[in-house]
Amino acid sequence: MNVAPIAPIADTLIAEAYETPDYIDAFRVTSNHGSRVEDFATGFFLSQPHWLAKISMNLGDDRSRRPAIDRGDYAVGTFVGSWMVQGRNADEIMFGEQMGFMEYRFSFLQQPGGSVIASTSVKYLERFGHVYFGLIKPFHRGFIRVALRNAAVSASVTVA
């Protein structure tokens, strides 16, 4: 499964999350998960190594993730761990968390042909947000690549 950085895509939920984001990135993920963005999201949340789910995604244990994942609809306002579904349409689901010092959003956008665009957008709310994300930014891209590779493999075998 391939994960490649790309330019962020305009006219998406994640592109409209903040008028002026302080950080934004995007990756194209090739996967055999099918044509439903929900299947990729499920693969993403269920396939992460425990350390990554705990440290970089605030997901806690599997029980805290399961109710939203088992419903499979990822409705706006529901939670997967501490990640709230902030917005969605037929092809994109945007998750987010407000940490007091910064806001963090990520989305999965289903593309024709089965690939997914995974994007991150960050807005600093105070100086500590800038410092905090500055410290973790060098690790962010690596964490994202690991998480997306795991999701692509998992999603390819968990399609309902």
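How many of the 10 residues of H1 are buried? In this predicted model, helix H1 is mostly covered, with nine of its 10 residues buried, and these are Val37, Glu38, Asp39, Phe40, Ala41, Thr42, Gly43, Phe44 and Phe45.

Helix H1 (37-46) is also among the elements that each supply at least two residues to the largest nonpolar core, a set of 31 residues in which Phe45, Tyr74, Phe95, Phe108 and Leu148 touch the most other members. Strands S2 (23-29), S4 (83-88), S5 (92-98), S6 (102-110) and S7 (116-124), together with helix H4, likewise each contribute at least two residues, and H4 gives the most, with six. When residues up to four places away in sequence are not counted, phenylalanine 95 touches Ala41, Phe45, Tyr74, Val80, Trp83, Met84, Val85, Gln86, Tyr104, Arg105, Phe106 and Phe108.

On the surface, Val131 forms a nonpolar patch with Phe128 and Leu135, and the three have about 290 Å² of accessible area together.

Strand S2 contains arginine 28, which is partly exposed, with a relative accessible area of 32%. The C-alpha atoms of arginine 28 and valine 3 are separated by 5.7 Å, although the two residues lie 25 residues apart along the chain. Valine 3 is one of the residues that arginine 28 touches beyond four places in sequence, the others being Asn2, Ala4, Ile6, Gln111, Ser115, Val116 and Ile117.

Definitions and conventions
Residues numbered from 1 in each chain as written. Predicted model: local features only at pLDDT ≥ 70, side-chain atom pairs only at ≥ 80, totals over all residues. Heavy atoms only, no water. Patch = residues over 30% accessible without salt bridge, like charges linked within 9 Å, V, L, I, M, F, W, Y side chains within 5 Å. Areas by Shrake-Rupley, 256 points an atom, 1.4 Å probe, with all protein chains shown as cover. Salt bridge = Lys/Arg side-chain N within 4 Å of Asp/Glu carboxyl O. Core = buried A, V, L, I, M, F, W, Y, C linked by side-chain atoms within 4.5 Å. Buried < 20%, exposed > 50% of the residue type's maximum accessible area, 1.4 Å probe, protein only. Helix = DSSP H or I, 4+ residues; strand = E, 2+ residues; numbered from the N terminus. Contact = heavy atoms within 4.5 Å.
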